[in-house]
Amino acid sequence: MPYVRTVKTASGATAVQIVYSSRRGSRDIEHIGSAHDDAELELLTAAARQRLAAGQGELDLGLDASAAGGPLPITASRMGCLLDSLTRAYDVLGLGAAAGGDEVFRDLVLARIIEPASKLDSLRVLDEAGVAAASYRTVLRRLPAYAKEAFRQQLSAACAAHARLGPASLVLYDVSTLYFETDAGDGFREPGFSKERRLEPQITIGLLTAQDGFPLMVSAFEGNKAETKTMLPVVRAFMAAHQLPDVTVVADAGMISEANQKAIEAAGLSFILGMKIPDVPYQVEQWRREHPGEEIPDGHVFTQPWPAGPSSNRRDQVIYYTYKADRARRTLHGIDQQVAKAAKAVAGLAPVKRNRFIRLDGAAKSVNRELEAKARTLAGLKGYVTNLAACPDGTPVTPEFVTGSYRRLFEIERSFRMSKHDLQARPIYHHLRDSIEAHLTIVFAALAVSRWIEHQTGWSIRKFVKTARRYRTIQIQAGTHTISAADPLPADLRAALDQIHGRSAAH
């Protein structure tokens, strides 16, 4: 490949040469001339370059000669990595087919993940991402369709198919609340027990997920509806919609009242439920009698069979009481603090506040030592009740399976945190029930896409969006030619994209 070089001569002048190199290392040198000042050097260098370019054609880009040297216009720019990844997840989950190919719904779901905003501001988010979105009037016309039960059931069916649920699959259920900045209730938005300790009207959200936290169904209830009365309608509706004869419901003790548990049993459902322990179990008392002065071993499990009576319609059940030393330590520390506060209140050194260890008998106050002793005896114990006859794989039920399944409730808590914080599920700008239901449908689909992205990449959805949105693909117009360009991707993002698109990592 020939090239132009300059060298100093013995007389101090600058020589301009063309060097022709061969593959075998030999070189031929053509001397162009010597220059004694900068002007001569520039002329000789230009002559050498013209000689090198002699006979070569010029690439005609169709550029206007008057525009030579100016910046080329960018005709299109989009968050290619992010949009393609989110669309891939949306299609893999079957949400596109479930929504009937509705591109407006898909765009609203993607916008909710990229940057949660109002429906109007979502159009700005889509425009910045490089999506030609529908008009705001079109969005408003489509919202009522997203609130319809049939539309929501189609999305739920797609999620259930992706989760591959079977008759014995574990499903997790929990509730949360979303408040509204208004003073008056309207029958749907009503004041009630708030998870966020708010006094404003709210709605109650019931979320059903697979055992890994992947969303299966979301339902909205009146804000003053008791949490314990939401689970059975959601589970029944889900089973009926997907023709499941049985699922194993996993729920926290706070979701279960005595009436609720009886209703679950009457419905013939399998369950693993957290259990409140109002009194010291007989098995624990017996162990303490047989081991006086000893501490219960860490991780010890007490098993209490609870067979159904001859006239009972329920199945046989088993209660497991597990003891954890660390749980006992934390509980005893809390008891010490509460008893100390109760003693100060009884002595008149502090105001009387809500404290379960204060006994009031008319105007007389005292520390409830019997309750304190009972609480200390129960410290470290947690109860679980199940009516499963066998694990989903057909093996016998074990305490480890029951407690491990119950601990998976942290996955549904993760989904609630993601929907509330990353997706900002609180419907600030909606007031009518249909609008709120449509908004929750969009958030539900966005949650499913986000959980899938997290599962594929091992990244949080916040990290993935923040990283991928910085890398854009652009189109540049050079005369009559359109040139595509993209930012180079870092290795970790490239590996994450390979996982999303099912590509083999390059070696």
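How do the residues of the lining of the largest cavity divide into nonpolar, polar and charged? Ten are nonpolar, two polar and one charged, where Ala, Val, Leu, Ile, Met, Phe, Trp, Tyr, Cys and Pro count as nonpolar, Asp, Glu, Lys and Arg as charged, and the others, Gly among them, as polar.

Before you select anything, some ground rules. This is a predicted model, in which local features need pLDDT of at least 70 and side-chain atom pairs count only at pLDDT 80 or more, while totals for chains, interfaces and linings use all residues. Residues are numbered from 1 along each chain as its sequence is written, and side-chain values use heavy atoms, with hydrogens and water left out.

**Stop 1: the largest cavity**

Select Ile 205, Val 218, Phe 416, Ser 419 and Val 443: of the 13 lining residues, these are the closest to the centre of the largest cavity. Its volume is about 140 Å³. A cavity here is a set of points on a 1 Å grid over the protein atoms alone where a 1.4 Å probe fits but cannot get out, and lining residues have an atom within 4 Å of a point. Grid points are joined across faces, edges and corners, and the volume is the space filled by probe spheres set on the points.

Now colour β5 (170-179), β6 (202-210), α14 and α15, each of which supplies at least two residues of this cavity's lining. The largest share, four residues, is from α15. Helices (H or I, at least four residues) and strands (E, at least two) are DSSP runs numbered from the N terminus.

**Stop 2**

Is Ser 450 buried or exposed? Ser 450 is buried, with a relative accessible area of 0%; the cut-off for buried is under 20%, using a 1.4 Å probe and protein chains only. Leaving aside neighbours within four places in sequence, Ser 450 is in contact (heavy atoms within 4.5 Å) with Ile 113, Met 418, Leu 423 and Ile 461.

Ile 461 takes you into α16 (residues 461-468), whose buried residues are Ile 461, Phe 464, Val 465, Thr 467 and Ala 468. Show α2 (80-92), α4 (103-114), α14 (409-422), α15 and α17 (491-501) as well: the buried residues of α16 pack against these helices.

**Stop 3: the second largest cavity**

Next, select Val 104, Asp 107, Leu 108, Leu 123, Leu 126, Ala 133, Ala 134 and Val 139, which line the second largest cavity. About 30 Å³ of space lies in this one. Both α4 and α5 (119-129) supply at least two lining residues, and α4 gives the most, with three. By class, the lining has seven nonpolar residues, no polar ones and one charged.

**Stop 4: two pockets**

Time for open space. A pocket is an open set of points with protein on both sides within 12 Å along at least five of seven lines.

Where is the centre of the largest pocket? Look for Ser 257, Glu 258, Gln 261, Met 275 and Lys 276, the closest to it of the 20 lining residues. The pocket holds about 480 Å³ of space. α9 (258-266) and β9 (270-275) are the elements that give two or more residues to its lining, and α9 has the largest share, with four. The lining has ten nonpolar, five polar and five charged residues.

For the second largest pocket, at about 370 Å³, go to Ala 163, Ala 210, Asp 212, Phe 214 and His 455, which lie nearest its centre among 19 lining residues. Here α15 turns up again, with the largest share of the lining, five residues.

**Stop 5: two sheets**

Finish with the strands, which pair if DSSP finds at least two bridges between them. Three strands form an open antiparallel sheet in the order β1-β2-β3, with β1 (3-8) and β3 (27-35) as the edge strands. Strand β2 (residues 14-21) pairs with β3 over eight bridges; to see one of the pairs, select Ala 15 and its partner in β3, Ser 34.

The other stop is an open antiparallel sheet of three strands in the order β4-β15-β16. Its edge strands are β4 (74-78) and β16 (481-486). Six bridges join β15 (residues 473-478) to β16, and in β16 the bridge partner of Ile 474 is Ala 485.

Notes: Buried < 20%, exposed > 50% of the residue type's maximum accessible area, 1.4 Å probe, protein only.
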